[in-house]
Amino acid sequence: MARPQRKFSTLKKQELAKTPTGIEGLDEITKGGVPKGRPTLVCGSAGCGKTLLAMEFLVRGITMYNEPGVFFAFEESSKELGENVKSLGFDLKKLEAQKKLVVDHVHLERSEIEETGEYDLEGLFIRLGYAIDTIKAKRVVLDTLETLFGGLKNEAILRSELRRLFSWLKEKGVTAIITAERGEGTLTRQGLEEYVSDCVILLDHRVNEQTSTRRMRIVKYRGTSHGTNEYPFLIDEEGFSVIPITSMGLAHKVSTERISTGVPRLDAMLDGGIYRGSSVLLSGTAGSGKSSLSAHLAAAACQRNERCLYLAFEESPAQIIRNMRSINLDLEPWVKKGTLQFISTRPYFYGLEMHLAMIHKYVKDHKPSLVVIDPISNFLDAGTLAEANAMLVRLVDFLKAEGITAVFVTLTSGAAKEQTDEGLSSLIDTWILLRDIELGGERNRGIYVLKARGTAHSNQIREFLLSSKGIDIQDVYIGPEGVLTGSMRIAQEAKTRQNQEVKSQESERKRRELDSKRKILEARILALEAEFETDAHETQALLDNDRVNEELRVSNEKEMRTSRKGDIVNNKKRSAKK
Amino acid sequence: MKTPKKTAAAKKETAPKKKKAEKLLLTLYVAGETPKSLRALENLERLCEEHLKDGYEIEVIDLSKNPALAKKHEIVALPTLVRQLPHPIRKIIGDLSNVERTLVGLQVNTLSN
């Protein structure tokens with residue numbers, strides 16, 4: 001309602017007065033409800049829920065807003081009507097007894113009526129006026145007013161009377177809902193949209209590939225903005241619920257709390273687990289352990305005493321429980337305790353919108369903190385790619401807005417491992433990829449974190465092992481031979497160990513060799529020393545010998561000199577020189 | 001409009017009666033003294049005088065004074081003439097300007113036959 005403010009300063013931005021319908025979601029897409037004090041036309045083909053919408057409008061008006069209502073049924077008798085809506089928990093008898101509701105069945109049978117001359121519908125006006133006045137009704141429903149055209153022949157009178165009726169309703173100041181059957185190529189069979197020009201809501205019940213989806217659209221709403229899309233709606237035991245796309249946005253709260261995945265090493269890979277309220281995608285090829293991992297996530301939530309909703313589109317709950325037992329994970333106690341709820345349906349059982357609506361409902365009822373959807377790839381069966389996409393976007397937004405951690409499981413085909421069919425990747429906060437590693441004649445499971453927004457996650461591929469003990473995550477062998485897993489990893493590890501053994505033996509041998517060498521050398525040194533010693537001794541002996549000889553010679557000489565009486569002095573000099 | 005019950009007993013029953021003659025009980029529903037309702041009453045009275053030989057009784061109900069009866073008696077269009085008796089109930093709507101059709105609608109024996 002952007003109006004130029006300069007000239008019309010007195011005409012302040014004024015929103016149309018609206019009457020809330022009390023119907024889940026409808027008030028959101030109409031931004032407050034239907035126009036107050038004016039008639040609203042609800043049209044649609046047979047069986048699309050017009051009567052129900054109208055009835056809920058009245059009942060909610062009474063129970064939620066204390067606005068009494070009048071229901072004029074042109075098709076069903078009040079008894080039939082009461083029985084039909086009883087399944088929704090609406091007790092019309094009680095409301096009538098409380099003087100909050102008047103149900104009047106207007107019965108017109110052409111064969112019982114003869115027309116002669118001029119007439120008008122004043123009788124209807126009086127009836128309606130009386131009903132409104134007795135309970136001071138604020139809301140009025142005329143359910144399939146067009147039935148009048150079947151009961152009365154004079155169309156000219158009817159049309160002018162209808163025109164009068166609508167202006168009369170406006171004068172009365174009641175908020176009215178008028179239902180009408182949809183015609184070929186027109187909104188209503190009798191062109192009622194001509195008279196009701198303020199708000200027109202179209203209901204639709206479409207069957208696409210054998211699955212039916214109910215949709216609602218605001219065709220026109222004069223004087224106010226409104227959601228223009230087609231919105232899916234649901235009729236169940238609690239009445240109408242419309243799923244507005246507009247109510248979702250990116251304004252949800254975020255948590256910094258990390259929660260465990262139930263697999264400690266995976267938590268380590270994710271730098272401490274996943275953020276609460278984030279969305280996690282587990283993708284992988286067939287048999288790569290997606291369901292097993294998601295079951296661990298669910299069990300971890302239950303262990304934290306949180307509630308978990310597990311939507312299984314491939315397996316029955318009993319089968320999941322049995323299969324998980326084989327990897328040492330017993331889910332049954334949680335199911336019995338009520339913290340874990342399984343919902344198993346086939347994807348093609350409902351249309352996509354219905355699935356979305358059902359998930360909404362289950363989430364509202366069960367109030368889980370973790371939702372597992374296994375798998376989302378099956379939604380493609382229930383609609384086209386674009387539809388599945390739109391639905392998943394809404395689902396992600398819805399769960400995020402509720403602060404629920406969502407785990408989506410998706411099956412990827414062999415080639416496109418890092419691509420989801422649903423194009424979901426941009427919506428996902430944490431993407432854990434499980435993949436088959438085919439090597440050396442066997443397939444092994446590898447796990448890695450493709451992305452984890454806001455965490456310093458590991459960039460390594462780990463081997464993902466499923467055994468009777470549970471899930472185990474192992475480092476893969478990374479060496480000159482490349483990345484090895486499974487028995488090749490084990491073989492390679494053995495080989496490495498062997499190599500190391502050999503190496504250590506070699507060095508031991510070398511050490512010993514050196515040792516012995518040293519010993520030999522030491523022995524040699526000893527021998528040489530001994531030899532030297534011997535030599536030294538010998539030399540000493542020789543020297544001693546020489547000295548003795550000299551002394552002997554000197555003494556001999558002395559003796560000889562003495563005997564010869566020679567000159568002693570000369571001889572002394574000579575020996576000194578020496 | 002306060003036309004009271006107007007009973008006009010037939011003078012003499014000339015035609016041989018198969019069973020006990022059933023009294024014709026007619027109710028005319030109107031809303032206020034509108035030209036249409038006055039015309040309807042006028043037409044009805046004349047028609048009864050001229051064509052009905054059996055005993056008949058006309059009751060006029062003004063719904064604007066007695067709105068609760070509209071629901072009770074299943075009235076939609078006005079004016080409506082209802083043949084309460086004999087059963088089954090027959091309804092004729094409009095100002096009864098077409099005598100022929102009114103008589104067909106009432107399915108009564110007329111003086112003419």
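Predicted model: local features only at pLDDT ≥ 70, side-chain atom pairs only at ≥ 80, totals over all residues.
Let's start inside. The largest nonpolar core holds 157 residues, and those touching the most other members are Val141(A), Ala298(A), Val371(A), Val372(A), Val407(A) and Leu28(B). Domain 1 (18-242) and domain 2 (258-475) of chain A each contribute residues to this core, so the core lies between them. If you pick out Val407(A) and set aside residues up to four places away in sequence, you will find that Val407(A) touches Val280(A), Leu282(A), Ser294(A), Leu297(A), Leu370(A), Val371(A) and Val372(A).

Next, have a look at strand β20 (residues 430-439) of chain A, where seven of the ten residues are buried. Strand β15 (residues 279-284) of chain A pairs with β20(A) in the parallel sense over five bridges, and there Gly284(A) stands opposite Leu434(A). Strand β21 (residues 442-452) of chain A runs antiparallel to β20(A), joined to it by ten bridges; here Ile432(A) has Val449(A) as its bridge partner. Two residues lie between β20(A) and β21(A) in their hairpin, and Gly440(A) takes a positive phi near 55 degrees.

Finally, let's turn to where the chains meet. Chain B gives 29 residues to the contact and chain A gives 22 residues. On the side of chain B that touches chain A, the elements giving two or more residues are α2 (68-72), β5 (90-93) and α3 (99-106) of chain B. By class, this side of chain B has 15 nonpolar, seven polar and seven charged residues. Strand pairing also links the chains: strand β6 (residues 113-115) of chain A and β5(B) pair in the parallel sense over three bridges, with Ile113(A) opposite Lys91(B).

Note on methods: Residues numbered from 1 in each chain as written. Chains lettered and ligands numbered in written order. Core = buried A, V, L, I, M, F, W, Y, C linked by C-beta atoms within 7 Å. Buried ≥ 20, exposed ≤ 12 C-beta atoms within 10 Å, placed from the backbone. Domains from an automatic or database assignment. Contact = placed C-beta atoms within 7 Å. Helix = DSSP H or I, 4+ residues; strand = E, 2+ residues; numbered from the N terminus. Nonpolar A, V, L, I, M, F, W, Y, C, P; charged D, E, K, R; others polar. Pairing = 2+ DSSP bridges.
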